[in-house]
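I opened the notebook on this chain today.

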Amino acid sequence: MGSWFARVILNSLGASVRWLWGSIWRTIFKKPKYNWNDYLYGPENSDYYDNMGHSFNNGLIGVIVLIFVIIPIVELIFD
């Protein structure tokens, strides 16, 4: 149960960071934006070939954000 919960949290955190970054980047360069579900689950394209890529990227980005952003902020607040 704990591992599943951690994967869901890290996947959601990573998707949120990717969505925020992609939205800012695509707004600056006037490109069409993707919605949050596309970053979380991958595109809705039927011939999409990579089922695990988005989850892996989201988890990796979630771990990086957790280590370098969230934990230092919590330590500053509660120290």
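This is a predicted model: local features need pLDDT of at least 70, side-chain atom pairs count only at pLDDT 80 or more; totals for chains, interfaces and linings use all residues.

I listed the buried residues of α1: Leu10, Asn11, Gly14, Ala15, Arg18, Gly22, Ser23 and Arg26. I noted that two arginines, Arg18 and Arg26, are on that list. An α-helix has 3.6 residues a turn, so residues three or four places apart point the same way. I kept that in mind while reading the list.

Next I asked what the buried residues of α1 pack against. They pack against α2, residues 36-41, and α3, residues 53-78.

I then looked up the span of α1. The helix covers residues 2-28, which is 27 residues. From first C-alpha to last, α1 reaches 39 Å, close to the 39 Å expected at 1.5 Å a residue.

I moved on past the end of α1. Lysine 30 follows the helix, and its phi is positive, near 50 degrees.

Tyrosine 34 was my next stop. I found it in the loop between α1 and α2. Arg26 was already in my notes as a buried residue of α1. I also checked tyrosine 34 against isoleucine 67. The two are 33 residues apart in sequence, and their C-alpha atoms are 27 Å apart in space.

Then I stepped back to the whole protein. I counted three helices and zero strands. From the N terminus on, the order is α-α-α. The radius of gyration is 15 Å, well over the 12 Å that the globule rule gives for 79 residues, so the protein is more spread out than a compact globule. The C-alpha atoms fill roughly 50 × 35 × 15 Å.

How much of the protein is buried? Buried residues make up 23% of the 79. I looked up the surface too: the protein exposes about 6400 Å², and carbon and sulfur atoms supply 69% of that area.

I checked contacts between residues at least 6 apart in sequence. Of these, 54% join residues at least 24 apart.

Charge was my last entry. I found 6 positive and 6 negative side chains. The centres of the two sets lie 11 Å apart.

How values were computed:
Residues are numbered from 1 along each chain as its sequence is written. Side-chain values use heavy atoms; hydrogens and water are left out. Helices (H or I, at least four residues) and strands (E, at least two) are DSSP runs, numbered from the N terminus. The radius of gyration is taken over C-alpha atoms; the globule rule is 2.2 Å times the number of residues to the power 0.38. Buried means under 20% relative accessible area, exposed over 50%, partly exposed in between (1.4 Å probe, protein chains only). Contact means heavy atoms within 4.5 Å. Accessible areas come from the Shrake-Rupley method with a 1.4 Å probe; for residues, only the protein chains shown count as cover. Lys and Arg count as positive and Asp and Glu as negative; His and the chain ends are not counted. The place of a charge is taken as NZ of Lys, CZ of Arg, CG of Asp or CD of Glu. The expected span of a helix is 1.5 Å times one less than its number of residues.
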